[in-house]
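Here is a quick tour for anyone meeting this protein for the first time. Take a look at the sequence and the model, and then we'll walk through them together.

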Amino acid sequence: MKRTKKQVIQPPSKEEVVDVMRKFAEAESHISKLEADEQLAIQEINKATEAKAAEYVAQKQEALAKLEAFGLANKSDVFSDSRTLDLREGTIGFRYGTPKVSKKPGLTWEALKELLPKAYLKTTIKTDVDKTKILNNRENDEIMAELLEAGIRIVRDETFFVKTKQNELEIKV
């Protein structure tokens, strides 16, 4: 930005103040009108974009449902070696969630405290099940058999995902 020298402004006379105020009000009015016109144009663009986008959102949801149905139907065949399938326009597959400790339906954690060995109880203010310790020992088959018998198991949720290759996809409008 170019530096400008600050000018010393001579105060206007009483007669000139009316004209200066009129120019100020006129400029402010023009700015307000331009901003209002800009907002109207933005609203019109947003409405047009929302209408077009709604079609594509519906198309995307329908395609996702079909891809997920394909994945679930062909899980043992297509996804037996790899959890993902690379396609020309993207990748589909299954992801595992983080392991978590769960109990058999119908059991409460209070009832499980009685069945668990003391090694899997931690004492804070109240005695509680040490889920972290259970998760850390999930590789030990003996311990897991003991916990499974008590009604505790480790589960991992599986979710289906779709990832597109947006950079390579040619979009025809």
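Which residues are linked in a network of salt bridges? They are Asp 19, Arg 22, Lys 23 and Glu 26. A salt bridge here is a side-chain nitrogen of Lys or Arg within 4 Å of a carboxyl oxygen of Asp or Glu.

Before going further, a word on what you're looking at. This is a predicted model, where local features need pLDDT of at least 70 and side-chain atom pairs count only at pLDDT 80 or more, while totals for chains, interfaces and linings use all residues. Residues are numbered from 1 along each chain as its sequence is written, and side-chain values use heavy atoms, with hydrogens and water left out.

**The overall picture**

The protein has five helices and seven strands. Both kinds of element are DSSP runs numbered from the N terminus: helices are H or I with at least four residues, strands are E with at least two. Starting at the N terminus, the order reads α-α-β-β-β-α-β-β-α-α-β-β. Of the 173 residues, 14% count as buried; buried means under 20% relative accessible area, exposed over 50%, and partly exposed in between, with a 1.4 Å probe and protein chains only. The accessible surface, from the Shrake-Rupley method with a 1.4 Å probe, comes to about 15,000 Å², and 55% of that belongs to carbon and sulfur atoms. As for contacts (heavy atoms within 4.5 Å), take those between residues at least 6 apart in sequence: 58% of them join residues at least 24 apart.

**The sheet and the helix on it**

Three strands make an open sheet in the order β1-β2-β7, with antiparallel pairing. Strands pair if DSSP finds at least two bridges between them. Because β1 (84–86) and β7 (158–164) stand at the edges with a single partner strand each, one side of each is left without a neighbour in the sheet. On average, neighbouring strands of this sheet are turned by 15 degrees against each other, direction ignored. β1 and β2 (residues 90–96) run antiparallel and are joined by three bridges, and Asp 86 stands opposite Thr 91 in β2. Helix α1 (residues 14–73) packs on the sheet, touching β1, β2 and β7, and its direction makes about 125 degrees with that of β7. For such angles, axes are lines fitted to C-alpha atoms, for helices over the stretch in contact, and values run from 0 to 180 degrees between N-to-C directions.

**A buried serine**

Elsewhere, Ser 102 lies in strand β3 (residues 100–103). Its relative accessibility is 16%, so Ser 102 counts as buried. Leaving out residues up to four places away in sequence, Ser 102 touches Trp 109, Gly 151, Ile 152, Arg 153 and Val 155.

**Back to the charges**

Side chains of opposite charge can pair when their charged atoms come close. How many salt bridges does a search of the whole structure find? The search turns up nine, including these:

| Salt bridge | N to O distance |
|---|---|
| Asp 19 and Arg 22 | 2.6 Å |
| Lys 66 and Glu 62 | 3.3 Å |
| Glu 89 and Arg 88 | 2.5 Å |

Asp 19 and Arg 22 are three residues apart in helix α1, so about one helical turn separates them. Asp 19 is partly exposed at 33% relative accessibility, and Arg 22 is partly exposed at 44%. Lys 66 and Glu 62 are four residues apart in helix α1, again about one helical turn. Lys 66 is exposed at 56%, whereas Glu 62 is partly exposed at 47%. In the last pair, Glu 89 is partly exposed at 33% and Arg 88 is exposed at 70%.
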